[in-house]
Every structure is written in structure tokens, then in C-alpha cells.
Amino acid sequence: MTFRLDDAQILAGIADVARRELSFAGELERETSLVDALKLDSLRLLTLVVELENHFRVALEEGSETGISTVGDLVDAIRSGLESDSSNTQ
Amino acid sequence: MKVSALGSALPPHHYDQERLIQALRAAWATRHYNIDRLEQLHRNVLVGGRHLALPIEEYEELTTWGKANDAWIRVAQDVGESAVRRALDRAGIGVDEVDAMIFVTVTGVATPSIEARLMNRMGLPSRMKRMPIFGLGCVAGTAGIARAADYLRGHPRDVVVLLSVELCSLTLQRNDLSVPNLIASGLFGDGAAAAVLVGSERSATGPRIVASRSVFYPDSERVMGWDISERGFKIVLSADVPEVVKRHLRRDVDAFLGDEGLTRRDIAAWISHPGGSRVLEAMQEALELDATALEPSWRTLWEVGNLSSTSVLMVLESIMTGQTPSPGSYGLMVAMGPGFCSELVLLRW
């Protein structure tokens with residue numbers, strides 16, 4: 001059985017992880033700059049990526065985080081990873 | 001004052017990085033989904049292998065801080081004694097001639113401290129002054145040389161031994177699967193190094209200590225350090241270290257060398273703490289060094305990992321036992337550590 005997450009659910013998951021792992025207090029929208037909102041340096045970015053992979057049970061492409069600047073980019077990357085994992089297991 | 005000789009000692013249990021990754025995989029899998037990413041993280045630190053204080057299968061038994069620290073006390077004496085004896089042999093100085101010993105570590109606690117226990121094991125003279133220093137972290141190898149030189153200014157006929165023992169693997173909290181701890185578990189190794197320093201009224205070979213400089217960076221306490229939990233040391237590591245290097249190191253090195261009438265171009269040997277690949281790259285960029293200038297540090301990092309305060313002494317040992325700089329040339333010891341701070345020592349061969 002495959003569960004499909006919509007963008008709002010992925011966004012909510014990202015916010016959950018950011019609050020839990022990066023002590024983020026606020027709201028995230030697609031247009032939000034990740035670096036500014038989450039004060040991402042290389043270590044916090046790696047923490048975010050690893051914890052998002054744990055949360056969504058998805059393997060994001062190695063190095064994909066370098067092309068991500070907004071929350072929307074991250075939502076797209078996670079959706080793409082979930083779709084890829086789903087097609088690989090079908 | 002001169003650094004007469006150095007000696008190092010590594011625990012006999014060596015594992016290449018792939019073997020260590022395999023050993024850690026099971027623990028990672030209890031919490032993390034994408035194990036391939038964590039494996040890659042451990043390969044990216046540019047460490048080929050590490051020596052561990054214990055055989056790898058014995059770490060399972062270290063279920064409390066007390067057990068880990070007991071192992072630390074036992075192994076610290078073994079590798080500490082070996083390093084001191086090797087350094088004294090190279091210096092041609094007897095155990096009974098040691099007037100003072102500075103012991104530095106940040107990976108275990110002991111009272112009586114390790115150098116006191118070595119007095120019993122090695123028959124060091126009962127008059128020997130003991131100076132155990134805990135907490136300087138990675139900067140303690142360079143700081144220890146500087147403090148030994150400070151002491152020798154007032155005691156020009158004395159022999160000082162600086163001993164650094166760091167058994168980083170015994171601080172590893174296997175249930176801490178946070179990213180900083182994952183990085184630490186791929187980078188840090190175990191070992192000991194000792195330096196024999198003599199005052200200006202004793203004849204000795206080896207580089208002269210010309211000057212030293214301490215620089216403290218205010219309000220940077222969370223750049224690096226330990227938090228203490230009921231399970232022991234829990235690493236504090238921020239991504240700021242390469243930034244701090246870029247922001248401060250060139251200015252501080254230039255100011256220090258300028259006060260001695262020198263510039264970076266006068267330095268023939270760069271003796272840098274190999275904190276990690278990104279730190280070494282930042283140092284190379286900040287100090288505008290050519291690709292080979294930090295080669296001894298890169299090599300040490302690859303061969304044994306980051307040994308905290310021990311590492312910079314091993315780098316100096318490799319230079320002093322290899323192709324030593326020509327007479328009259330300068331070397332600069334550079335290290336940064338918790339505080340956050342840096343220590344610089346100018347040597348002249």
C-alpha cells in the first residue's frame with residue numbers, strides 16, 4: 001500500500017522536524033528562505049536533511065541540498081524522493 | 001629553550017575507516033533511515049583509519065561513564081608511558097632528570113592525575129613538579145609547548161616533559177546519534193605524544209622556542225566543547241570553526257609574526273593541528289599557503305584521525321624525525337580549540 005503525501009502534509013512535516021531538531025519557532029511557507037528562517041549553516045543543513053530523511057523515510061539524492069534555497073524547493077525534493085522510492089518498490 | 005625531542009604512542013588496535021563504518025552501521029540503523037548518507041559522511045572526513053584504545057568488540061561493554069573512564073585511566077597510562085619513554089630516549093635524557101611534567105587531556109578524568117600515576121610506574125623523581133591541565137581540547141598541544149616555555153624562562157636549567165593523551169573513542173556516546181556526534185565518531189582517534197623541552201642553560205638539539213601568543217575569541221563558548229551528561233562527555237561542535245579560522249587566523253598570525261619582525265613568507269614549516277579537512281582547507285586559504293605547506297597535517301589526519309591535543313605534537317614529531325628544516329629557518333605551531341581560542345608558537349631551527 002502506498003500513501004501519497006500532498007504538499008501541505010510535507011510542509012507540516014518539515015515544520016515539525018525544524019521545531020524538534022533545530023529549535024525553530026515560527027511558521028514555514030513555500031517561499032520562506034531556508035537559510036534565513038532556520039539559520040542554516042552546513043551542520044544545521046546536514047541535521048535537517050538527515051532528520052527529514054528519517055521523518056519521511058526517504059533517501060534524498062546526495063548533494064541535492066545544494067540546490068535548495070526555499071522551503072518550496074525542499075518540499076519538491078522530498079516529493080520527488082518519495083515518488084522515486086515508490087516507483088522503485090513497485 | 002628548545003624542543004629537544006618528541007615521541008608518540010598509539011594503542012595497538014588499528015582499524016581502517018571502512019571497518020569502523022561497518023561497526024557503527026547497526027547503531028545508526030536504529031534511528032536513521034539513509035545509512036548510505038552517514039557512510040559517505042565518514043568517508044568525506046579524509047581519515048583512512050584510526051587506532052582505538054580497546055579492541056572494537058569491547059566497546060559494547062562500556063555501558064556507563066565510569067566503565068569508560070576506568071578504561072581511559074588504564075590505557076592512558078600505557079600509551080602515556082610509551083610516549084614519554086620514546087621522547088626521553090630520543091632526547092638522550094634520563095627519567096631521573098625530569099624536573100616538571102605538564103599533562104594535558106580533554107578525554108578523561110583522573111585524580112591522582114595520569115602524570116602522578118606515571119611517577120610510580122616509571123620511577124620519575126619525587127621532586128618533579130606536576131601540572132595537569134584539563135579542558136583546553138585541541139589547542140592543548142600547542143598551548144602545552146607555550147606553557148612549558150613559560151616555565152623554562154624561570155628555570156633555565158630544567159627539563160620539562162609535556163605529555164598529551166587523548167583517547168577520544170572512550171568518549172563516544174553510542175546512543176547519541178545526533179549529527180555532531182556522527183561527525184565526531186568518524187573523525188577522532190586515540191593516541192599519546194610527549195615532548196621533551198629544555199631550558200636555555202642546557203645544551204640540546206632541536207628547534208628553539210622564540211615566542212608564543214594566546215588569542216581568545218570572546219563570546220564563542222558554543223563553537224566547540226563538551227556538555228556533560230549522565231553518560232559522560234557529549235560533544236559540542238558547530239559549523240563555525242572554518243569560519244573562525246577564516247575570520248581571525250590570518251590577522252592573528254600576521255600580528256604575532258609582525259611583532260617578531262617576520263611575515264608568513266618567513267615560515268618554512270607549518271605545524272598545524274589537523275582539526276579536519278574543512279578546517280585545514282580554511283587554514284590554507286586564510287594563510288594563503290601552497291598545497292604542500294600543510295602536508296604533514298593532512299598526512300596525520302589520514303593516518304590516525306584527529307587526536308585532539310596529541311595531533312599537533314605528532315605533526316611536529318614527523319617534521320623533527322624526517323627532513324628537518326635547515327638551520328635558521330622558522331616553524332609556526334598553530335592550533336585552535338574550545339574557548340574559542342588559538343595558540344601560536346614560533347620555533348627556529
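Modeller: Happy to, and please keep in mind that this is a predicted model. Let us begin with Glu21(A), which forms a salt bridge with Arg20(A), the closest N and O atoms being 3.3 Å apart.

Biologist: What makes Glu21(A) and Arg20(A) a salt bridge?

Modeller: The cut-off is a Lys or Arg side-chain nitrogen within 4 Å of a carboxyl oxygen of Asp or Glu. The closest N and O atoms here are 3.3 Å apart, and the pair qualifies.

Biologist: Why is Glu21(A) called partly exposed?

Modeller: Its relative accessible area is 27%. Buried means under 20% and exposed means over 50%, so a value in between is partly exposed.

Biologist: How do you know that Arg127(B) and Asp99(B) form a salt bridge?

Modeller: Their closest N and O atoms are 2.5 Å apart, and the limit is 4 Å. Arg127(B) sits in the loop between helix H4 and E5 of chain B, and Asp99(B) in the loop between helix H3 and strand E4 of chain B, so the bridge ties together parts that are 28 residues apart in sequence.

Biologist: Which of these two partners is buried, and what are the values?

Modeller: Asp99(B) is buried, at 11% relative accessibility, a label that needs a value under 20%. Arg127(B), at 46%, is partly exposed.

Biologist: Why are Arg153(B) and Asp150(B) said to be separated by about one helical turn?

Modeller: Because they are three residues apart in helix H5 of chain B. Arg153(B), at 46% relative accessibility, is partly exposed, and so is Asp150(B), at 34%.

Biologist: Now the rings. Why is the pair Trp226(B) and Phe233(B) called stacked?

Modeller: The ring centres are 4.9 Å apart and the planes lie at 25 degrees. Pairing asks for centres within 6.5 Å, and stacking for planes under 30 degrees apart, so both tests are passed.

Biologist: Why is Ser8(B) called buried?

Modeller: Its relative accessible area is 10%, and the label applies under 20%. Ser8(B) is in strand E1 of chain B.

Biologist: What makes Ser8(B) and Glu317(B) a polar contact?

Modeller: Their side chains come to 2.7 Å, and the cut-off for N or O atoms is 3.5 Å.

Biologist: Finally, what joins chain A to chain B, and how much area is buried?

Modeller: About 1400 Å² is buried between them, with carbon and sulfur atoms giving 55%. In chain A, Leu43(A), Leu46(A) and Glu62(A) lose the most area to chain B. There are three salt bridges between the chains. Between Glu51(A) and Arg31(B), for instance, the closest N and O atoms are 2.9 Å apart, inside the 4 Å limit. Helix H3 of chain A supplies nine residues, the largest share of the side of chain A that touches chain B.

Key. Residues numbered from 1 in each chain as written. Chains lettered and ligands numbered in written order. Predicted model: local features only at pLDDT ≥ 70, side-chain atom pairs only at ≥ 80, totals over all residues. Heavy atoms only, no water. Buried area = accessible area lost by both parts, 1.4 Å probe. Helix = DSSP H or I, 4+ residues; strand = E, 2+ residues; numbered from the N terminus. Buried < 20%, exposed > 50% of the residue type's maximum accessible area, 1.4 Å probe, protein only. Polar contact = N/O pair within 3.5 Å; in protein donor to acceptor, adjacent residues only side chain to side chain. Phe/Tyr/Trp six-rings, centres within 6.5 Å; stacked < 30°, edge-to-face > 60°.
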